[in-house]
Amino acid sequence: MSHIFEQLKSMVVFSHVVEQGSFSTAARQLKLTRTVVSYHMKKLETSLGVTLLHRSTRSLSLTEAGKAFYDSSRLIVEQAIVAQQKMEHFRSEPEGRLSITCPVNMGLQLVVPALKAFKAQFPKIELDIMLSDEVVNLIQSGVDLAIRGAPLVDSNLHARQLSRLSTQLYASPSYLKQHGRPTTPSELEQHQWVIYQLGAPYIDLSQGSRSFRVKVKGDITTNNAAARTAFVEGGYGIARIPTYDAKPKVDQGLLEVVMADYQLADIDVYGVYPPGSAGAKKVRLLVDFLVHYFQKLAHAQS
C-alpha cells in the first residue's frame with residue numbers, strides 16, 4: 001500500500017509535466033525543485049517498467065504508454081481537486097464580490113461559459129464582469145482578476161497561465177477566389193490583411209526548423225477580435241485568428257485555413273491579479289477553477 005501512496009505523488013508530478021510541457025514549469029507550479037520533479041519521473045518509469053516521455057533539449061512528447069498512463073493520472077488528479085473543492089465548500093462557503101476583466105470575444109466564447117460553471121459551484125460569490133479589449137489598469141480600477149492573452153507588462157502584478165490557444169491564418173473563400181491563395185511567406189506580404197491593433201505589425205511562421213517573419217498591411221484595422229473575424233469573413237483580407245473562434249466558421253464554409261503547412265505560435269492566456277488579490281481565497285478559487293476548466297475543455301476537443 002505504501003508503494004501506491006508514493007506512486008500517487010509521482011502521478012501528480014507526471015500530470016503537471018505533461019500539461020506544462022516542461023520539467024521546470026511543472027516544478028514552479030508545484031513549488032518543487034526541478035531535481036525533485038526529475039526524481040519522481042525516473043522513479044515512476046522505473047517502477048512501471050516503461051518509458052513515459054520522449055525527451056529532447058527543447059520539447060517533451062508522450063510515448064504510447066505515456067498517453068495511456070496520463071489519461072489515468074489526469075482523472076485521479078481531477079478527482080482529488082474536486083474532492084478538495086467540495087471540502088472547501090463545506091468548511092467555509094466562499095462569498096464576496098469578484099471583479100473580472102477580459103477581452104470581448106474571448107470573454108463571450110470562452111470565459112463567460114467558464115464563469116457560469118464557477119457561479120453554479122460557488123453561488124455566494126458575486127461576479128462583476130467587464131469585457132474590454134483594452135488593457136485595464138487593475139490597481140486603479142479595483143479589478144481582482146484580468147484574463148489576458150499577453151505576458152505581464154506591470155512587474156507589480158502576479159500572473160498564472162490559464163490556457164494555451166492555437167492559432168492559424170484564415171481568409172474567406174471569396175477573398176481567395178479574387179486574390180489567389182498564398183503558398184509561401186513572401187506571397188503573404190503581397191496580400192491584404194485585417195489588422196488587429198493589439199497585436200504585432202508582423203506574423204511569425206515556422207516550418208520545421210525554418211522561421212519567417214511577415215510584415216502585415218491592410219486597409220482595415222480594429223481593436224476588437226470579433227470585428228477582425230467579421231471583416232475576414234466578409235472577404236477583406238487575411239488574419240491570424242484563434243482556432244476556437246474560426247473553427248465554427250470553417251465548419252460552415254465561411255472561412256478557410258491559409259498556409260496550413262506552416263505553424264504559428266500559440267496564444268498563452270494568463271490570469272493576472274494585483275498583489276492585494278494574491279492571498280484572497282475567492283481569487284485563488286477562481287484561478288484554480290479556470291485552469292482546470294480550460295484543461296478539461298482542451299482534452300474534450302482534442
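This is a predicted model: local features need pLDDT of at least 70, side-chain atom pairs count only at pLDDT 80 or more; totals for chains, interfaces and linings use all residues.
Mentor: Residues are numbered from 1 along each chain as its sequence is written, and side-chain values use heavy atoms, with hydrogens and water left out.

Trainee: Thanks! Why does His-40 count as buried?

Mentor: Buried means under 20% relative accessible area, exposed means over 50%, and partly exposed lies in between, with a 1.4 Å probe and protein chains only. His-40 has 10% relative accessibility, so the residue counts as buried. His-40 lies in helix α3; helices are DSSP runs of H or I with at least four residues, strands are runs of E with at least two, and both are numbered from the N terminus.

Trainee: And what does His-40 touch?

Mentor: Leaving out residues up to four places away in sequence, His-40 touches Lys-9, Ser-10 and Val-13. Contact here means heavy atoms within 4.5 Å.

Trainee: What makes α2 roughly perpendicular to α3?

Mentor: The axes of α2 (residues 23-30) and α3 (residues 34-48) cross at roughly 110 degrees and come within 8 Å. Angles of 65 to 115 degrees count as roughly perpendicular, under 35 as roughly parallel, over 145 as roughly antiparallel and the rest as oblique, so α2 is roughly perpendicular to α3. The axes are lines fitted to C-alpha atoms, for helices over the stretch in contact, and angles run from 0 to 180 degrees between N-to-C directions. At this crossing, Phe-23, Ser-24 and Ala-27 of α2 meet Arg-34, Val-37, Ser-38 and Met-41 of α3.

Trainee: Which loop holds Met-259, and why is Met-259 called buried?

Mentor: Met-259 lies in the loop between β13 (256-258) and β14. Its relative accessibility is 5%, so Met-259 counts as buried. Met-259 also has a positive phi, about 55 degrees, although it is not a glycine.

Trainee: How do you know that Arg-228 has no salt bridge?

Mentor: A salt bridge needs a side-chain nitrogen of Lys or Arg within 4 Å of a carboxyl oxygen of Asp or Glu. The nearest side chain of opposite charge to the buried Arg-228 is Asp-245, 4.5 Å away. For charge, Lys and Arg count as positive and Asp and Glu as negative, while His and the chain ends are not counted. Arg-228 lies in helix α9 (residues 225-233), and its contacts beyond four places in sequence include Tyr-196 and Ile-241.

Trainee: What makes β3 and β5 a pair?

Mentor: Two strands pair if DSSP finds at least two bridges between them. Strand β3 (residues 96-102) and strand β5 (residues 145-148) have two bridges, in the parallel sense. Ile-100 stands opposite Leu-145 in β5.

Trainee: Why do β4 and β6 stand at the edges?

Mentor: The open sheet of five strands has the order β4-β3-β5-β15-β6, with mixed pairing. β4 (125-131) and β6 (158-165) each have a single partner strand, so one side of each is left without a neighbour in the sheet.
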